[in-house]
Amino acid sequence: MADRITMRVARYRPEDESGATVHEYEVPCPKEWVVLDGLNYIKDRLDGSLSYRWSCRMGICGSCGMTVNGEPKLTCETFLSDYGDGPVRVEPLRNFPVIRDLVVEIGDFMRKLVRVKPWIVRPNEKPLSEGEYRQTPEEMDEYKQFSMCINCMLCYSACPIYGLDPAFIGPAAIALAQRYNLDSRDEGNEERLDILSEHEGIWGCTFVGECTEVCPKDVDPAGAIQRYKLTAALEGLKSFVMPRSAR
Amino acid sequence: MNEHPAYTPYHPRWLRSRPSTYWWLKRRAYLAFITRELSSIFIAWFIVYLLLLIRAVSQSDASYRQFLAWSRHPLVLLLNVVTLFFVVFHAVTWFNLAPKAMVVRMGGKRVPASLISASNYLAWAGATALVLWLLLGG
């Protein structure tokens, strides 16, 4: 294994350029270095003007998602040594507008996330004197997988539907809606149904499945969407055949 | 930030890149997705063919025989072979999707995805065997 590796980094400096350019940097490649270490080396030693997002360095904050050799990855857990002698190509996440270099604009995702109400909805809170909302381990298991989402947006970057139709509400937002729909303490199913069953909601998904493939937390957004399609179809059927009072 | 921002020297223009025309060739899953989308036309043909068959059967013995003769035409045969391939492709996609859409619990435990898929494939094999038995002189 080489002790240095070439990183080809996509740059976009809106004050000087109208499009992206690729810059090559040679960085050390010890076996414990991840792509983010390489970027930090470039920023510290070679070119301080390089812009990118990062924070925790341990796959929790979801900030450092980028496209590495064509694949959406968290750069804090993608080892440089996995790319042999290189080069390693680093680009911003696809399907998002680029603000600068490797920094993408995430406003669209944030707006969609809020629309699905990713919090516990209860029209009436019980009084504190009645104690906490208790939950069995089985009830927690129902939603736990979906609660692992760190909003890194790799799934949006891998989703061709979102790339072609940015109105699609997208994998992570739907998975997070399911996280709360399946929570025994939540009563917001009906409110979320209206948003999720829109044309740009679950029905926009055609089960490409790449969102699940690239998810660094094994959330399985594709599974969440297919599962919700069944729920929405049954709800639709119920509303068709049963009077409102009997549902 | 606003969805349609006003770009200023202090808020420079975002770079928006369009997906390449050949984006669907870049991953196997994308290719499968596009193939599924395009091949829906064959699924539609399958339904039309079935309706034509039903119409022929309901009309008369002669029209049924005429339909069979037409079905033996090499072009119709070729079209139906291609259609069969895509119907199987869609069926396999559907059966692989089933365990993701259905969460079945037995004795408090979640039934493994492979078992749900397998039960679908078994039901498919059963239905095929029944059709074959009917066709081949049951």
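User: Which pattern does chain B follow along the sequence?

Analyst: In this predicted model, chain B has 4 helices and 2 strands. Read along the sequence, these elements give the pattern α-α-α-β-β-α.

User: What is the radius of gyration of chain B, and what does the globule rule give for 138 residues?

Analyst: The C-alpha atoms of chain B fill a box of roughly 80 × 50 × 25 Å along the principal axes. Chain B is more spread out than a compact globule, because the globule rule gives 14 Å for 138 residues and the radius of gyration is well over that, at 24 Å.

User: How much of chain B do buried residues make up?

Analyst: A residue counts as buried if 20 or more other C-beta atoms lie within 10 Å of its own. Among the 138 residues of chain B, the buried share is 4%.

User: Which strands stand at the edges of the sheet in chain A?

Analyst: The sheet of chain A is open, has 5 strands with mixed pairing, and runs in the order E2-E1-E5-E3-E4. Each edge strand has a single partner strand, so one side of each is left without a neighbour in the sheet; the edge strands of chain A are E2 (21-28) and E4 (71-74).

User: Over how many bridges do strands E1 and E5 of chain A pair?

Analyst: Arg8(A) stands opposite Arg89(A) in E5(A). Strand E1 (residues 4-11) and strand E5 (residues 88-91) of chain A pair in the parallel sense, and the number of bridges is 3.

User: What angle does the direction of helix H1 of chain A make with that of E2(A)?

Analyst: Helix H1 (residues 35-46) of chain A packs on the sheet, where it touches E1, E2, E3 (65-68) and E5 of chain A. Its direction and that of E2(A) make an angle of about 95 degrees.

Note on methods. Residues numbered from 1 in each chain as written. Chains lettered and ligands numbered in written order. Predicted model: local features only at pLDDT ≥ 70, side-chain atom pairs only at ≥ 80, totals over all residues. Rg over C-alpha atoms; globule rule 2.2 N^0.38 Å. Buried ≥ 20, exposed ≤ 12 C-beta atoms within 10 Å, placed from the backbone. Pairing = 2+ DSSP bridges. Contact = placed C-beta atoms within 7 Å. Axes fitted to C-alpha atoms, helices over the stretch in contact; angles between N-to-C directions.
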